[in-house]
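These are my notebook entries on a structure I have just opened. I wanted to look up a few things and write each one down with the terms it needs.

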Amino acid sequence: MKKYSVNKFKMKNILLLSFSLFIFINIACSNPENDLNNFLTKKEIQYEEIAFEIGDAYWNFYSAEAEADLKSPKQKFYNLLHNDTLNTLINTWYPKRNEITDTILQRRIEKWHLVLLSASVEYDKEVMELRNELEEMMEVSGEKDNSNYDFDGKMLELIKLRNQKSIELGYDNYVHLSFETNGLGYEWFMDFVNQMGKLTYAPYNNLVEKVKDENNTKDFEQRNLFQFIGQFYGNNDPIKVKTKDNIELVKISLNNIGINYDELPAKLVEMKLPDGVGGQGLMINIPNDFRAVMTLGMDISVWMHEMGHGLHGLFNSINTPILEGYEWIPGNANASFAEGMAETSAWFSRNIEWQKKYTNLTEVQINERKLIANKYAPAFIRYHLYNFMRETELYLNPEKDYDEIQKELAKKYFLIDSEKFRTQGLKNIIYVSYPLYLQNYLLADIVACQIHNTLEEKFGKDYAFNKEVGAYLIQHFYSKGEYYDWNKRLEKGTGKALDINSYLDYYEIK
Ligand SMILES: [Zn+2]
């Protein structure tokens, strides 16, 4: 009996132990954070596979290496992003994300939240269909007969649809939703626009008054504005570049800052592309596959810009797809920072020491060109403000006539009499495929300026030839992907948040 009872006791203990072990393993396995992590990992693997597919399709679209099928990967994104379990899980975890101890997991939830939010507009069935239709009608080499197609009407329809979907989600309109998902924030952005407008008004007005005096007229005309813009661009980018081989010069420029192009999984191709297609850099697999194709005769700064997108992706070592920042779903990557990385690379070709070495310009000429660029920079900045605000206003006031919007903004930013201002239609592929994207190019110029100031402070005036510079860029700006917010990345690498005043100082705008 006793023996039995001991045995029974032992048995009971063993059973109890294994039962607790079972429970323990089970708890460990069904720890909600683990479940979440496992589920998101599975979804991110699928997400990344579709990103590869769409990247490859766009590569074919631009390089004509093979037939481009953009529709099927988009449909796959649609299916993935409308997955109920995924949406429920993110909706449940997003409000209590701060309870999660694993900060990478926490950030993944934030990114998923933004991706799903922007997808509920951009990948809404109606929006997607209309967008596909417009893209098909605008394709450069498209076979569709578009002679009777009402681009402006259809574009307005798409704008209203994007607004309507945003309102259904509790936002005032698409601008508010879009600026939440792009990481800038509506309030911050509007404040930025106001500040830039105010700070450039007086120097721009001086330019305008001078032209009126010189021409002895009381009207400042659109063609005068185009001359300003032309002067800025003509003097800001390097000319008389010694070598005609752009790809070679990209490699040399990278090598100068300690980055060996030949060790990178990157492919740069220069070839004649159909008219109207300049080229494109594509981060197909982050961090393992970057390709850029460009048509003949593009400037070195354009090549350096695209290569900058490449460096940003190729040195990303975060190793979790949603934090790698694929560009295909708005809200995944911070686009103004991504464009900032591209421009940071392009700015090496605008560096005075770089120009001394790789162009046939004398130092005097280089300095003179910089002064001319400075002089017209207020016009360049206000041209950007006009350009992205006319699209923004369309979403803010969809009932307002687009011509009216452009004329009002021309008066505000260009000081051009509205009656004489020639407006443009809505047929613009960027409005269709990259809604509310254009502000990123102005922000990118500011980001690049700030980073180059820091590089000069840290590495001296010859920083474009310092082998440690590449490592600095990698460590502070590329390696962590989307783990930190864009402003935090700037702070970590430059010591401050976006700095408008230093930017205006660079162009000597007072
Ligand atoms: Zn770019």
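Entry 1, terms and source. Before looking at helix pairs I noted that a crossing is left-handed if the near helix is turned anticlockwise from the far one by less than a right angle, and right-handed if clockwise. Helices (H or I, at least four residues) and strands (E, at least two) are DSSP runs, numbered from the N terminus. I am reading a predicted model, in which local features need pLDDT of at least 70, side-chain atom pairs count only at pLDDT 80 or more, and totals for chains, interfaces and linings use all residues. Residues are numbered from 1 along each chain as its sequence is written.

I looked up pLDDT, the predictor's confidence in each residue, from 0 to 100, and found a chain mean of 93, with 93% of the residues at 70 or more. Over residues 1-9 pLDDT stays under 50, and there the model has zero contacts beyond four places in sequence, a contact being two residues whose C-beta atoms, placed from the backbone, lie within 7 Å. Where pLDDT is low, the predicted coordinates should not be read in detail.

I found that the axes of α11 (residues 246-256) and α12 (residues 300-314) come within 10 Å and cross at roughly 55°. Axes are lines fitted to C-alpha atoms, for helices over the stretch in contact, and angles run from 0 to 180 degrees between N-to-C directions. Therefore α11 is oblique to α12, since angles under 35 degrees count as roughly parallel, over 145 as roughly antiparallel, 65 to 115 as roughly perpendicular and the rest as oblique. The crossing of α11 past α12 is right-handed. On the α11 side I listed N246, L249, V250 and S253, and on the α12 side I300, W303, M304 and M307.

Among the contact residues are R382 and Y386 of α16 and Y402 and F414 of α17.

Is P73 buried or exposed? P73, which lies in helix α3 (residues 71-81), is buried because 20 other C-beta atoms are within 10 Å; the cut-offs are 20 or more for buried, 12 or fewer for exposed, and partly exposed in between, with C-beta atoms placed from the backbone. Leaving out residues up to four places away in sequence, P73 touches I50, E53, I54 and A57.
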